[in-house]
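This report describes how the parts of a two-chain model are arranged and how they meet. Please view the sequence and the structure below before reading on.

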Amino acid sequence: MRLVVVFALLAVLAVAVPTPRVSSGQQPGMTRHVLDNGLVVIIKENPSSDLVVTEALVRAGPRLEDPATSGTTFFLRGMLVRGTERRTGAEIAQTIESLGGQLGGGTRADFTTLYTITPSRHVDVAMEVLADLLTNARVDPQDVETQRRVSLSRINQNADQPLSRALDLFNGALYPYHPYAQSVFGTAESVNALTRAQLVEFYHRHFTAPNMVLVVAGNITQAAALEKVKRVFAGLRADPVPRRIRWLRLVERALAPTPGASLEVRESRSIAAAWITLGYLGVQAGHRDFSALRVLNAILGEGLSSRLFVEIRDKRGLAYQVSSSLALRAGPGFIRLSAGTDPPNLSTVVAGMLREVERLRTESPPADEVEKAKRGIIGRYALAREDLESQAFYLGWYEILGVGYDYDARFPQEIAQVSPADVQRVARQYLVNHVLAIVAPPTAR
Amino acid sequence: MQGGVIAALLATLFLPPALAQAPAGGRVAPRLLRTTLENGLTIIVEESPATDIVALHTWVRVGSKDEDDETNGAAHFLEHMLFKGTARRKPGEMDREVEGLGGVLNAGTSVDWTYYYTVAAGRYFDQILDLQSDAIMNSTIDPAEVDRERRVVIEEINRRDNFPGSRTFELLRATAFTTHPYRRSVLGPRAGIERMSREVLLGFYRSHYVPSNITIVVVGNVRASEAAAKVRRAYAGFRGAPGLRPARPAEPPIDGVRRTVVEQDVRVAYLAMGFQAPAARDRDVYAADVLMYLLGRGLGGRLRQQLVERSRLAQTVAASFPSSEDPPLFVISAVTEPGAADRTEVAILAELAAVREGGISEAELTRARNLLEGEHVYGTHTTRGRAFDLGLAETIADLEFAAGYTGRIRQVTREDVQRVARRIFDPQRYAISVIRPAQGAGR
C-alpha cells in the first residue's frame, strides 16, 4: 500500500533516467526474433555437445512484489512443476527425467527462470512441457498447502544461515523504500497470507509472452529452433507487460536514494563466527558507470588476488571468505563487500574493509593493476560461459534487463575502455555513506 | 629429447572415446590419452577442440583418510599452503599471475584426495603448467605463512559449522564411523589446527606429494601428445617415493542404530541418515548410483514424491552417495518442521523397505538411469567438469571408472537395484544425526 502511494507521487516527479543502450546488431551464430504474441526469442547454435537448453526468463520477482505479497514469485515457481491442466507433477518429472533431461529454475530479484536441459533429440518434448508449465499451471489447492510449507521452510533455513541473514539485513537497510528490500522467499506473514486466487492472478498477469524472453541454445539449427518455438509457444498469453513494470522503470531510482549517512544494523546470534556485509548503492544495468564500477569491484574483491583478499586474508589471516560483488540489476544495484571472521576480529575486519574503500577513493589505482583487473574480468567472463545453461542464461538475462542480448558480446569491449581515472571517479561518486549489516555473537567486538 | 618423448607416448594407451555418441554438429570425437612417466607420475589428456579453454588439474592421492588423531586436518591445511609461495614465487604471486591471465584457480580436499585446478584460455597452457607444477614440487611452506594461514583455516571451520546442513553431515560421519579414518572431518578439529606444527605439514608434503601419488589431467584445446610432452618436461626432475602408509582399518558393520542429536539456534530440523555403502571399485557401485537417483535426485525421486508431496512430512529431501576409495556412507538428508524429525525418519525407513521388499518399476528405473546419465553428460561437457571426472576416477579407482561409467549405468537392472538396496539399507544398522531447535524454544 505504502509503495503504491510512493509510486503515484514519483510518477509525477519522475526525472529522466539514463536509457539503457540497446543495440539491434546481430551476433554470429545468434539470432533474435519476436513472435506474433510478443515473445522475444533468442537462438544460439552451439553444436559442441549433444545438448539443447531451453530457458524462459519472466519479469517476476521481488522487484515486482510488495511487503504483503513478498515471496509470491518463488511460491508460484514451485507450483508450476506441481501440475498443469494436462500433466500431474509426477508426470512432468517422469516425462523430462526419463529422457535424461533436467528441469530447473531460479528466482532472482528481477526475474524468474525455468529451463530444461535435454539431449538434442528430445528437445520437442522438453519445449512442450516448458510451454505447458508457462501457460496451463493448475495451482491445485492441495499443492498450494504443500508449497506453503516448503516456502516457510526456506525462510527458516535462510535465517539459519548467518551469511544469508546478513545479506537480508543489508538489503533491508540499503533499500528502505524499494522492493529490493524483500527476500526472494518472502516472510512468514506474506507466505501464510497468500491465497490460490492471488497466485493465479499473479501468474496470468506476469507469465505472458511480452513479459518473457525465451532462449534456445545448443546443438540445434536456427531454422529448426525457430520453427519449433513458433509452433510450441504460440499459445502463451499475449497480454501486455504489466503496468507496474513499465512504471517502475521511471520511478525506481527515486525509490532508492543514497543513504544520507552511514548506518549499521546488527543481529546477535549464538554462532561461531561474525558475518559482515558492507556496501553502497550502485547503478542499474546499462548505466554508463557500470563498467567502471565493475573494474573497481574486481580490484577490490574479485578473486584470490584482489585487494580485500590479499590484505584481509593473505597478509593478516582474518577471514576465510572475503570478497565483494557488484549487482547487475534492472533497478538500482549495489556494490557489497562481505566476510566472515572470528568474533574478536570483527571491528578489525570492518576497519580493513573501510580502509580499502578509502584507498580507492583517494588514490588512483596503478595502471598495471587496472589492466590486470580488466584481463581478469574478461577472462572469467569467458570461463563462466563454458557450460550451455550459462550461455543461454546470460543472453536471456541481458535481454530481460533491457540492455539487449548482444551486451554479452559488447561487455568485454566496454570493460577494456575503462581507465584508472574512471575507477577513481566512480569510487568517489558511489563509495559514500555505507550500509553495514552484521550477524554475530553478542560478544563480538 | 623430443624424439624420446614421442616414442614414449606412442607406447601409451589410447583409450576409446568415452562419450561415443557423435553430436550432429560433427565434432571430432574426444581423444583420451593416459601415460605414466618413469618417476611414477600419471598424465591424462583429453582433446576437446571445440573450446578455446584448457583445464589443468593436479590430483594428489591424499586426504583426511591418511591422517590420524594428531594430524587430522593436515591434508587440507597443506592444500592452503600450496598457494603460499615457492622458491621462485612469493606468497600470492601464483594467484596474481593466473588471475592476470584471466584464469581461475582453486583447490579442494576430501577424505580421499586433494586437487588443484586452473582454468584459462588455451594459449596460456604453458604458463599455468609452470605455475601449478612449481607449487606441487617446490612449495616452501614458510613458517610465518603457516601461522597466518592457520587462522584462515579456523575461519573455514567456523564457516562450516555455521551451516546446519554441513554440520549435520559432519555429525553423521562421526556417528557412523568408529574405526575407519572416514570418521574424521576433512577440515579437522579447531584445537588440532591451532597446535598443528609446520613439521607435520612438511612431513605430509614430503611423503604424499610424490610422483607416484599424483595425476595431472589436461582437458581442452590442446594436442594430446604435445600437452603430455610438456607435462613430462615440467615434472622431469620430480622425485620421491611414497612414505609409509599404514593399512586403513576396515569399518565393522554399524552395531545397531547410532544417533546423535544436537540442539542449537535453528528454526527447523536438519537430519541425515547414513548406511554403509560400496566403494568405487565395488561392482555394486553403479546400481547404488542408480538407487541414489531413484530415491533422492530430480523432481521425480521417490522420497520427494512421498515425503514432500504426499505426506508433507519434509520440505527438502535428497540422497547422496560420494564415489569413494573405501566404503562411504549412502546418505539421505531432509529438512523438516521441528517436531517432525522423528516421523520423517520412520517414513524414510518405510520407503527404503518398500524398495528392498517391493522392488522398483521399469518406469522408475528408466527415469533414474537416464537422469543420472543426463546429469553426468551435462556435468562433463565442460573442460573443468570432464577433468574432474577423469582425475577423480584415476585417483580413487582407475580411469575405466570414468571411461566406462555411462555404459555400466545403462546395464543396471531392476533386480540389481533391489539387490543393492537389500545390501545397503539394513533397518537395524544405520547412523542418524539431527540438528534441531532446543525443546521448548521458539514455536
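## Contact between the chains

The contact takes 59 residues from chain B and 60 residues from chain A, two residues being in contact if their C-beta atoms, placed from the backbone, lie within 7 Å. This is a predicted model, in which local features need pLDDT of at least 70, side-chain atom pairs count only at pLDDT 80 or more, and totals for chains, interfaces and linings use all residues. Residues are numbered from 1 along each chain as its sequence is written, while chains are lettered from A and ligands numbered from 1 in the order in which they are written.

On the side of chain B that touches chain A, the elements giving two or more residues are α3 (93–100), β6, α5 (143–161), α11 (302–310), β10 (314–320) and α13 (362–379) of chain B. Helices (H or I, at least four residues) and strands (E, at least two) are DSSP runs, numbered from the N terminus. By class, this side of chain B has 21 nonpolar, 20 polar and 18 charged residues. Here Ala, Val, Leu, Ile, Met, Phe, Trp, Tyr, Cys and Pro count as nonpolar, Asp, Glu, Lys and Arg as charged, and the others, Gly among them, as polar.

Tyr378(B) lies in helix α13 of chain B. Leaving aside neighbours within four places in sequence, Tyr378(B) is in contact with Leu51(A), Gln102(A) and Ile117(A). Tyr378(B) is buried because 22 other C-beta atoms lie within 10 Å; a residue is buried if 20 or more other C-beta atoms lie within 10 Å of its own, exposed if 12 or fewer, and partly exposed in between, with C-beta atoms placed from the backbone.

## Two domains in chain B

The domain assignment of chain B gives domain 1 (2–234) and domain 2 (257–437); such bounds come from an automatic or database domain assignment. The C-alpha centres of domain 1 of chain B and domain 2 of chain B lie 27 Å apart. In chain B, 38 residues of domain 1 are in contact with 32 residues of domain 2. On the side of domain 1 of chain B that touches domain 2 of chain B, α6(B) gives the most, with nine residues. That side of domain 1 of chain B has 22 nonpolar, ten polar and six charged residues.

## A covered strand and the core

Strand β6 (residues 212–218) of chain A is mostly covered, seven of its seven residues being buried. Met212(A), Leu214(A), Val216(A) and Gly218(A) point one way from β6(A), and Val213(A), Val215(A) and Ala217(A) the other way. Two strands pair if DSSP finds at least two bridges between them. The table lists pairings in both chains.

| Strands | Sense | Bridges | Residues opposite each other |
|---|---|---|---|
| β2 (40–45) and β6 of chain A | parallel | six bridges | Glu45(A) and Gly218(A) |
| β3 (51–58) and β6 of chain A | antiparallel | seven bridges | Thr54(A) and Val216(A) |

Leu214(A) is in contact with Leu39(A), Val41(A), Ala56(A), Val229(A) and Phe233(A), leaving aside neighbours within four places in sequence. The largest nonpolar core has 283 residues, and those with the most contacts inside it include Leu214(A), Val295(A) and Val218(B). A nonpolar core is a set of buried Ala, Val, Leu, Ile, Met, Phe, Trp, Tyr and Cys residues joined through C-beta atoms within 7 Å. Helix α10 (residues 285–296) of chain B supplies the largest share of this core, ten residues.

In chain A, five strands form an open sheet in the order β7-β11-β8-β10-β9, with mixed pairing. β7 (263–268) and β9 (322–326) of chain A stand at the edges with a single partner strand each, so one side of each is left without a neighbour in the sheet. The twist averages 15° from one strand to the next. Helix α13 (residues 346–362) of chain A lies across β8, β10 (334–341) and β11 of chain A, running at about 25° to β8(A). Axes are lines fitted to C-alpha atoms, for helices over the stretch in contact, and angles run from 0 to 180 degrees between N-to-C directions.

In chain B, five strands form an open sheet in the order β8-β12-β9-β11-β10, again with mixed pairing. Neighbouring strands of this sheet are turned by 10° against each other on average, direction ignored. Helix α5 (residues 141–160) of chain A packs on this sheet, touching β10 and β11 (329–336) of chain B, and its direction makes about 75° with that of β10(B).
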